[in-house]
Amino acid sequence: ICLLLHMNLVYIVLEKMFTMMFEKKARMEVFPLTKALAVRLTGTKYGCGGGGCGACTVMLSRYEPVSKKILRHCSANACLIPICSLHCTAVTTVEGIGSTKTRVHPVQERLAKCHGSQCGFCTPGMVMSIYALLRNHPEPTLEQITEALAGNLCRFTGYRPIIDGCKTFCKEPFCCQNKEIGNCCLEQEEKLLLFSNQEEKVSLFLFSAEEFQPLDPTQELIFPPELLVNHHAPVGGGMRQISLCDIFADRLGSNTLNPEEILVSVHIPHSRKGEFVSAFRQAQRRENALPIVNAGMRVFFEEGDVIKEFSIFYGGVGCTTVSAKQTCQALLGRHWDEGMLDEACRLVLKEISLPGSAPGGKVEYRRTLIVSFLFKFYLEVLQSLKTMYPSRYPDIPEKYESALKNFRIGIPQSVQMYQDVDAGQFPQDPVGRPIMHQSGINHATGEAVYCDDIRAVDEELSLAVVTSSRPHARIVSIDASEALKVPGVVDVISAPNVPAANEFYYFEDPEFVFARDKVICVGQVVCAVVADSDVHAKQAAAKVKIEYEPLEPLILTIEEAIRHNSFFEPQRKLEQGNVDEAFEIVDQILEGEIHIGGQEHFYMETQSVLVVPKGEDKEMDVYVSTQHPAFIQEMVASCLGVPFSRIMCHVKRIGGAFGGKLMKASLLSCIAAVAANKTGHAVRFILDRGNDMLITGGRHPTIGKYKVGFMNDGRILAVDVSYYFNGGCTPEDSILVWIFCVCKTNLPSNTAFRGFGFPQAGLVTESWIMGVAAKSGLSPQKIREINMYKEISQTHYKQELDPENLVRCWNECLEKSGYHSRRKAAEEFNKQSYWKKKGIAIIPMKFPFGFGKRSLSQAAALVHIYTDGSVLLTHGGIEMGQGIHTKMIQVASRELKIPMSNVYFCETSTTTIPNSCASVGSGGTDVNGMAVKDACQTLLKRLQPIISENPNGTWNEWVKEAFEQSINLSSTGYFRGYDGYMDWEKGEGRPFDYFLYGAACSEVEIDCLTGDHKNIRTDIVMDIGCSINPAVDIGQIEGAFVQGIGLYTMEELKYSPQGALYTRGPDQYKIPVVCDIPEQMSISLLSSSQNPVAIYSSKGLGESGLFLGCSVFFALWDAVAAVRQERGQVGSFVLNSPLSPEQIRMACADRFTEMVIALLLLKCSWVLFVFSCSVGPYFYGYYTSVWTCT
């Protein structure tokens, strides 16, 4: 609620003026600008509702009536802008700068043609962030571009193509400016070309900047003249000043703002001679993230280095900013020396109390940051004093100087190398060429329509769900009486309202539409409210009262599931050879385990469905964001008790999925369909980000337990590995994702996610590779080479494998990355630097493609040729950012020998393609491409007699003649699927149709004092066969790789002891942003690679690149190993995933971590007594773990 003085509120959105009048002391609901934009403006997207994703970015231009000047244009999140703050403001959305109906703006054009759009949901926000920058700086610097994009999230592209598009506006060259240190990006391009096969035509360019229209600042929108009139009524009242320190006193006490006041300015005085001020912060992510701990410190000396004034403030260690007043007071009069530092650390740890049960966890880490920041401040001041008085103060020890060097995040530079098409290829044939995404321009202009962009249907209702607040409980009662009293509420829907099936048994345990008698996780849907608006539905849902009776047991973790023997069936294993005998003959045995956290899909478009009853014969149109329309059709029909043919499911495009829009999307569609069936109205159901993350599961948390037997020369002879996946409360797709051991717990069901279990299993393997290397004294790279496939062999499930391209990828990556020379350089750097360390790692990959069953990879297509020569194409695949429709149009263009502009794709629908399979497992192009090819070849065969009779005719002439001869110009195409199989009783089969190979080399640098790191460089070599569209495919590799960086180093899901998800939005859950990608990145597609199995010798690659993100994980591991070796911490160790700043910092034990531990031991000596006898040299790590749990 906002308190306003008498005024007229005037603002303009896209040339439309809005005026609101408020009387003095009038109360007005503060609703965000997105509510105003929701009417007929589809470009400004809802992504999170909290300003954390940038999908709703608009530009604000403000006129200052007093100075009569137009202030600077700025980008802003519409979801955070109260309408009442927009007085004298012009609001520009993506629709206002350009469209296909008028003129596409250069920003929109370049972002699309540089392939900076994949799913497209985030693209309008990206466009507006850059547009606002260009209005202020028509020729921006690279730094300004990176800063402008820091608040925009993209889950698909990996940011590189977006940056490439933005760079075209820069006046300065694109070079990284690192030539003086021998690491220039231009030289990298030359080296890549040097390593390529000279007989093959290689290309480094995915777009031509010469095609772009110029940016002309004089043609931009002017500030609306209507707002140049002074609409602002004078507001009386005076001004007062308060000390900024007082704002934090007494936990936001009496000196803060009064209700009628607004903050006008903040005055920061200049520092005095002898006064030094610094600030520090550490967050889960460098940009657009709340700090884990931050600090502000100030010291003032009166004579040389005698402390006269000292101020230390910390954030993130209490409910508000905390001042270490007692510590500062005790240090007055002390000299700025080591003795003072030790005393300051001891005092501040004692004063800033952070109990083990403190909200937010990470207690030891946060306490360590408290003293680490103090040490950094000590060194900064010492260096300044040395600069001011060179003869009075000693030099800072050389090994400590690295603590003063903050990470400089460079502008990302990239190189992409792929094999160009043969010189003899027909110029009109688009296959193998870097073609822009079919919807790229519409993405950039905001004209691309997603589910929630569909215009409201007459008398449409909105739906909000009521979810369980208990993880395992019996439902005693549901009281909806108060909810039904809310204005606009139509009904409350629950299990008794389901006409037919409320439970679906695809495995032994059922999936539920509504919980009926009990709940089995927090977030399970109990009932739903339908109302005349989204706001009313949510208000009413909050008033539904549910009484529970707790049930036992409560199982949340894998360890608890193992103790209770709680697993989904079947449980399987694979064996080859006699492992026990092998363990008897090996030289050494390594045993251990690694924990891998889960991952949220964080698709930019949340779960969305619009159900429209047709009013006749129980027909329904279902518009839904899903990867599997046929499954939606099946479940909705079964839920309503009608034939499948009465349910028509439509999907134009979806804003990302990654496996997260299969079963859950179907269950949510059933909820909306039941509501539509009961009320007779269309029902729109759009999950907000918080509920989306609460209700849906993600990637399975995993524990891998291993026992590895190996020889001293590095040969691995025996491996016994057990994998445990946390499946959640129902099987969902877990049995398909992971066929061995899936734990049944009281968390929301986890499900398919890009990589289908491989990213977890692969990380377990590479972790014990690291352990073998440490114990054998050989490098990890050497261990990998010794044990890599080298000739035609059999896998452990007895499928034949030819590793030629795997070895090629490995060797090319070694050469192109300069791995050996860079490893030596990193080792030399580490010798000279104590507080910063570099690490480098190279990881190979053998990624399987296949579904293990023919029926799961069948596909169909339908192609119509119209008499004007245009072609309408549809197939069963779903466009979710992977460019499948673009590739299908390329296939049709090649087969029909017509330009791509002649071919149009409308939508995927069960009315045109029945019984389609899910778009999963990177198989969309493979299977649907075969079906499209089949349909086009059928049509061309029908046209062939006409073409033979008139070889010099045109396509349009041939089509018209075919119609005159009554030749059918419509055809279906079909692909039966790949013939995969697996015999689990024998433990053998051919479940995979082929393999993708790759290798990635990554280099990082860590800050040992904070756990922060930067990604310096990554080189990737991938075998993807013959690329149908190099621009799309390279974008898929880069996007998957960056998503892998998130999985392995950043993204953490946190739950309460009762199974409630804490991390329910971008404020708490951090995915990579533009500053997290490597400063230098090169992608090389392996040349001369053939895959006779798939269409045009290509390979399905969308998922495989994610695993290569673990090269960053192991580079960090390598850097931590360098720290531990230098500090005498010998022996192997294991780091869990995600390898967050907390893990990195706490693995780099030093005097400051010892201070934290010592203080805890002093307070809790009984813990020392209990555990010190049993943990030996690993006391520190074990103690920390036990204390955290306590």
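**Strands, helices and a buried proline**

Analyst: I647, C649 and V651 point one way from strand β27, M648 and H650 point the other way, and all are buried. This is a predicted model, where local features need pLDDT of at least 70 and side-chain atom pairs count only at pLDDT 80 or more, while totals for chains, interfaces and linings use all residues. Residues are numbered from 1 along each chain as its sequence is written, and side-chain values use heavy atoms, with hydrogens and water left out.

User: Why is β27 called largely enclosed by the rest of the structure?

Analyst: Buried means under 20% relative accessible area, exposed over 50%, and partly exposed in between, using a 1.4 Å probe and protein chains only. In β27 (residues 647-651), 5 of the 5 residues are buried, so the strand is largely enclosed by the rest of the structure. The strand itself is a DSSP run of E, at least two residues long, whereas helices are runs of H or I of at least four, all numbered from the N terminus.

User: What makes β26 and β27 a pair?

Analyst: Two strands pair if DSSP finds at least two bridges between them. Here 4 bridges join β26 (residues 620-624) to β27, and the two run parallel; V622 stands opposite C649. With 2 bridges, β27 also meets the cut-off with β38 (residues 908-909), this time antiparallel, and H650 has S909 as its bridge partner.

User: What makes the β-α-β unit of β26, α17 and β27 right-handed?

Analyst: With the strands pointing away from the viewer, the path from the first strand over the helix to the second must run clockwise. The unit of β26, helix α17 (residues 629-640) and β27 is right-handed.

User: Why are β17 and β38 called edge strands?

Analyst: Each of β17 (489-494) and β38 pairs on one side only. The open sheet has 8 strands in the order β17-β21-β15-β28-β25-β26-β27-β38, with mixed pairing. Inside that order, 5 bridges join β25 (residues 608-613) to β26 in an antiparallel arrangement, with V612 opposite D621.

User: Why is α21 called roughly perpendicular to α22?

Analyst: Axes are lines fitted to C-alpha atoms, for helices over the stretch in contact, and angles run from 0 to 180 degrees between N-to-C directions. Under 35 degrees counts as roughly parallel, over 145 as roughly antiparallel, 65 to 115 as roughly perpendicular, and the rest as oblique. The axes of α21 (residues 758-776) and α22 (residues 780-787) come within 8 Å and cross at roughly 110°, and that makes α21 roughly perpendicular to α22. Their contact, meaning heavy atoms within 4.5 Å, includes I769 and M770 of α21 and I783 of α22.

User: And why are α10 and α11 roughly antiparallel?

Analyst: The axes of α10 (residues 338-351) and α11 (residues 363-388) cross at roughly 155° and come within 10 Å. The two helices are therefore roughly antiparallel to each other. Among the residues that meet are L341 and V348 in α10 and I370 and F375 in α11.

User: How do you know whether P1078 is buried or exposed?

Analyst: Its relative accessible area is 2%, so P1078 is buried. P1078 lies in the loop between α28 (1030-1049) and β44 (1080-1085). Not counting residues up to four places away in sequence, P1078 touches P412, N1015, I1016, R1017, T1018, F1041 and I1045. P1078 and I411 are 667 residues apart in sequence and 9.2 Å apart in space, C-alpha to C-alpha.
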